[in-house]
Amino acid sequence: LKGLITEPYIMCEPKGIDAFRIENHINVIAAGNESYLVPAGEAERRFCVIDVSESHMQDSEYFKQLCHQMDNGGTEAMFHDLLALDISNIDLRNFPRSNALFDQQLMSMKPLQQWWFECLKFGTLKTDHFGYDETVYWPSQILVNELIKSFDDYLDSMNVKDKYTSTLFGRAFRKLCPNIKRVRITDEERGYYYIIPSLDECRKAFCTSMKFKIPWEEL
């Protein structure tokens, strides 16, 4: 799907004939009823996602009149308006960052991203504190093993079997929270801990990576 949208060439594969490459002139508009439709990633640049209003759901009279209008000059009138529309100053890469798009990004996230979003949403680094009504505590530092344990608990709650090694976790987590610092503790038996930026700073970094201003709740 991503290739169909942005690649300059695509493969044409007729039945019984060897595949050959052609220039890509495809424009894609997709509609669907499923909650998850497109693999929208961080800083998404391919998909403009819009929720359709349900105000006329099952409104047969409304669609009857709409079809009548389109069959009696409406199509021609719409074509005229589109031809007359000035789009010279429109940057198609700068499309609306809608709530619908952010929903697709959330559903496309990898488990570590989903867990970190929940941490920022509830203001805690402890998975078992997600959704608590009581006052939560955002620490300025946490043992690396404790943070990985919190993530593993989240994976268990989602029935995800594949776990991260300490090295892979560190590399991936640093992308989500670029201003963290990993510091060695004097007591060698306890290993390392992370110095964590403030909740507000972490939230801002996450919004920047997603290119979306998330309406975080006050805690």
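These legends describe close-up views of a predicted model.

**View 1**
Helix α7 covers residues 199-210. Its twelve residues should span 16 Å at 1.5 Å a residue, and the end C-alpha atoms lie 17 Å apart, which agrees. Leu199, Cys202, Arg203, Phe206, Cys207 and Met210 are the buried residues of α7. They sit on the same side of the helix, because the arc they cover around the axis is only 135°. Lys204 and Thr208, on the other side of α7, are exposed. The cover over the buried residues includes α3 (99-108) and α4 (111-122). Just after the helix comes Lys211, with a positive phi of about 55°.

**View 2. Thr208 on the exposed side of α7.**
Thr208 belongs to helix α7. Its relative accessibility is 61%, so Thr208 counts as exposed, the cut-off being over 50%. Ile22 is 186 residues away from Thr208 along the chain, and the C-alpha atoms of the two are separated by 37 Å.

**View 3. The packing of α4 against α7.**
Two packed helices are described by the angle between their axes and the distance between the axes. For α4 and α7 the angle is about 135° and the axes are 10 Å apart. The pair is therefore oblique, since an angle counts as roughly antiparallel only over 145 degrees. The crossing of these two helices, α4 and α7, is left-handed. On the α4 side, the residues that meet α7 are Gln113, Trp116, Phe117, Leu120 and Lys121. On the α7 side, they are Leu199, Cys202, Arg203 and Phe206. These four α7 residues are also listed among the buried residues of that helix.

**View 4. The packing of α4 against α6.**
Helix α4 also packs against α6, at an angle of about 50° and with the axes 11 Å apart. This angle makes α4 oblique to α6. The crossing of α4 and α6 is right-handed. From α4, the contact is made by Leu112, Gln113, Trp115 and Trp116. From α6, the contact is made by Phe169, Ala172, Phe173 and Leu176. Gln113 and Trp116 of α4 also meet α7.

**View 5. The packing of α5 against α6.**
Helix α5 spans residues 144-157 and helix α6 spans residues 166-176. They pack at an angle of about 85°, with their axes 11 Å apart. That angle makes α5 roughly perpendicular to α6, because values from 65 to 115 degrees are counted that way. Val144, Leu147, Ile148 and Phe151 of α5 make the contact with Ser166, Phe169 and Phe173 of α6. Phe169 and Phe173 of α6 also take part in the contact with α4.

**View 6. Asn159 between α5 and α6.**
The loop between α5 and α6 holds Asn159. Asn159 is not a glycine, yet its phi is positive, at about 60°. With a relative accessible area of 61%, Asn159 is exposed.

**View 7. Helix α3 and the buried Gln105.**
In α3 the buried residues are Ala100, Leu101, Phe102, Gln104 and Gln105. Helices α4 and α7 are among the elements that cover them. Gln105 is a residue of helix α3. It has a relative accessible area of 2% and is therefore buried, the cut-off being under 20%. Leaving aside residues up to four places away in sequence, Gln105 touches Ala40, Gly41, Glu42, Ala43, Glu44, Arg97 and Met210. Of these, Met210 is one of the buried residues of α7.

**View 8. Gln58 in the loop between β2 and α2.**
Gln58 is placed in the loop that runs between β2 (20-23) and α2 (60-84). Although Gln58 is not a glycine, it has a positive phi of about 60°. The relative accessibility of Gln58 is 76%, so this residue counts as exposed.

**View 9. Asp71 in helix α2.**
Asp71 is part of helix α2. Its relative accessibility is 65%, so Asp71 counts as exposed. Between Asp71 and Gly41, which are 30 residues apart along the chain, the C-alpha separation is 40 Å. Gly41 is one of the residues touched by Gln105.

Definitions and conventions: Residues numbered from 1 in each chain as written. Predicted model: local features only at pLDDT ≥ 70, side-chain atom pairs only at ≥ 80, totals over all residues. Heavy atoms only, no water. Buried < 20%, exposed > 50% of the residue type's maximum accessible area, 1.4 Å probe, protein only. Expected span 1.5 Å × (residues − 1). Arc of directions from axis to C-beta. Contact = heavy atoms within 4.5 Å. Axes fitted to C-alpha atoms, helices over the stretch in contact; angles between N-to-C directions. Parallel < 35°, antiparallel > 145°, perpendicular 65-115°, else oblique. Left-handed = near helix turned anticlockwise from the far one by under 90°.
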